[in-house]
Amino acid sequence: MKLFTQLYRRIDSTTSVSRKVSALVDYFNEASDSDKLWTIALFTHRRPRRTIQTALLRTWAAEIAGLPQWLFEESYHTVGDLAETIALVLPEPKHSQDKSLTEWIKAIIDQREKDENEKKHFVLSAWASMEKDERFLFNKLITGGFRIGVSQKLMTRALATFLDKEENHVAHRLMGQWSPADTDFESLLVRADWQDDLSKPYPFFLAYALERELVDLGPTNAWAAEWKWDGIRAQLIKRKGVVFVWSRGEELITDTFPEFKAIREVAADNFVLDGEIVVHDESGVRPFNHLQKRLGRKKVSRKMLQDYPVKLLAYDLLEYEGQDIRIRPYAKRREYLNEILFGLQEKAEKSILLSEEVTFDSWIELKDVHEKARSLKAEGLMLKEKNSGYLDGRRRGGWWKWKVDPFTIDAVMLYAQRGHGRRSNLFTDFTFAVWDDSGSLVPFAKAYSGLTDSEFAEVTNFVNRNTIERFGPVRSVVPELVFELAFEGINTSKRHKSGVALRFPRIRRWRKDKLPSEANNLADLKALLEVYGE
């Protein structure tokens with residue numbers, strides 16, 4: 001654990017990517033294989049499940065620190081992070097323990113079956129043997145909230161340096177539903193027979209938003225365009241007759257979408273498709289809120305299959321006849337994709353469709369096509385260079401996403417809540433309202449992004465001077481501030497008093513030029529709902 005704590009200090013003390021990579025490589029050179037594996041798991045969001053309730057940790061920490069519970073809670077709201085708050089208020093350690101990271105994690109997992117007194121004894125003994133940074137990391141492990149300054153891409157780069165392997169090779173091997181409980185470092189990253197894992201997906205290639213003029217991309221004949229659909233990005237894998245479906249979040253979702261299991265019956269084998277899962281019927285693609293009704297379900301009823309039928313709109317082929325073809329040009333991969341889909345569509349109940357390319361002869365013509373996206377329930381267009389390979393992670397250049405402009409509405413702030421981490425001393429989470437027919441403000445959306453630090457500080461000053469009521473960390477405020485909100489979609493909602501729900505709401509700008517009476521009303525939202533909602 002002390003070696004892992006040293007790694008944390010080095011990573012936390014710099015914003016330099018190269019220094020973080022160097023810290024990880026040094027750690028891998030010293031740590032045991034089991035500690036290396038758990039470190040990789042933690043930094044790629046494979047944390048052990050929480051075994052002790054945070055309410056108990058808060059009670060025990062206040063008790064050991066000699067603080068009344070209300071003061072501990074106020075400290076927590078000020079600091080914004082429970083693990084850090086506990087590490088700060090506890091007294092100096094009484095003794096020292098030299099357990100490894102693996103030993104501590106196993107001990108934490110073992111608490112699942114223990115009673116409350118045994119859990120308390122374990123936690124208090126651990127706190128009493130650790131200095132502040134160790135306690136902080138221990139608390140992060142035990143609360144299941146481990147996120148510390150290392151992206152999966154950075155971890156991949158460090159491992160590639162340590163193992164002297166290509167980054168894309170390491171990235172591929174880190175994919176899938178592995179955990180330190182069912183593998184070891186050698187099997188995961190070193191041993192030559194790793195391809196025996198039939199279900200393993202490839203790292204997804206992610207595009208940046210278009211950040212230049214279309215004409216700056218060069219000749220139009222060097223580019224292909226497709227509709228950008230609002231669904232779930234997924235890879236469909238068929239190897240040795242077995243079908244797997246993975247989400248971009250590395251969740252195995254095969255059981256959620258049983259429609260794709262029919263692919264087992266077709267002759268084509270040993271391929272990997274990349275595409276978008278959407279609800280799709282005879283009218284075409286339906287809004288994302290229909291797909292949401294299918295998510296998280298391992299058992300899907302016959303009625304659900306009938307009411308919300310899904311399809312995979314395939315737009316790329318990553319593996320063909322068992323060969324990784326990601327380095328081939330996009331245009332060539334599309335040729336192979338057409339071959340695969342020709343054999344699939346007749347025999348697999350057409351659960352996979354080709355996401356067809358948009359034809360255009362000039363950038364001006366493509367702009368006209370782009371304006372039709374919303375009427376087709378698309379988010380915009382994807383632009384792909386015909387000679388580009390399929391890379392891993394978010395990269396600039398080969399692919400660009402060109403989304404339609406968001407919807408906007410002016411709303412009044414009603415409630416404010418403090419943020420977390422470095423913004424824990426600021427109010428950053430807000431609830432917004434519009435006017436109804438009776439002249440009352442009706443809450444309809446929450447948003448917490450879109451302002452600068454200085455603007456958040458200014459809003460915080462307003463909240464402190466204009467609080468009406470307090471509800472724990474939430475405050476109601478005088479309804480004076482108006483903000484322009486942007487959002488991607490709108491749908492009916494039975495859960496919200498307003499009757500509407502927004503997709504991806506965020507603050508676009510602070511409308512200091514507007515009075516609260518000039519904000520939009522509920523009728524404006526419902527007018528949008530009639531045209532674009534469902």
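## Surface and burial

What does the accessible surface of the chain come to, and what percentage belongs to carbon and sulfur atoms? In this predicted model, the accessible surface is about 26300 Å², and carbon and sulfur atoms hold 47% of that area. Of the 534 residues in the chain, 51% count as buried.

## Overall form

The chain contains 18 helices and 21 strands. Its radius of gyration is 26 Å, close to the 24 Å given by the globule rule for 534 residues, so the chain is as compact as a globular protein of that length.

The C-alpha trace spans about 70 × 70 × 50 Å along the principal axes. Among contacts with a separation of 6 or more, 70% are between residues 24 or more positions apart.

## Helices α2 and α3

Two packed helices are described by the angle between their axes and the distance between the axes. Helix α2 (residues 17–30) packs with helix α3 (residues 33–43) at an angle of about 150°, and their axes are 9 Å apart. The two helices are therefore roughly antiparallel to each other.

On the α2 side the contact is made by L24, Y27 and F28, and on the α3 side by D35, K36, T39, I40 and F43. Five residues of this contact are nonpolar, one is polar and two are charged.

## Helix α7

Helix α7 covers residues 101–110, and its buried residues are L101, T102, W104, I105, A107 and I108. The cover over these buried residues includes α2 and α3, as well as α1 (2–12), α8 (116–128) and α9 (132–143).

How values were computed. Residues numbered from 1 in each chain as written. Predicted model: local features only at pLDDT ≥ 70, side-chain atom pairs only at ≥ 80, totals over all residues. Heavy atoms only, no water. Axes fitted to C-alpha atoms, helices over the stretch in contact; angles between N-to-C directions. Helix = DSSP H or I, 4+ residues; strand = E, 2+ residues; numbered from the N terminus. Parallel < 35°, antiparallel > 145°, perpendicular 65-115°, else oblique. Contact = heavy atoms within 4.5 Å. Nonpolar A, V, L, I, M, F, W, Y, C, P; charged D, E, K, R; others polar. Buried < 20%, exposed > 50% of the residue type's maximum accessible area, 1.4 Å probe, protein only. Rg over C-alpha atoms; globule rule 2.2 N^0.38 Å. Areas by Shrake-Rupley, 256 points an atom, 1.4 Å probe, with all protein chains shown as cover.
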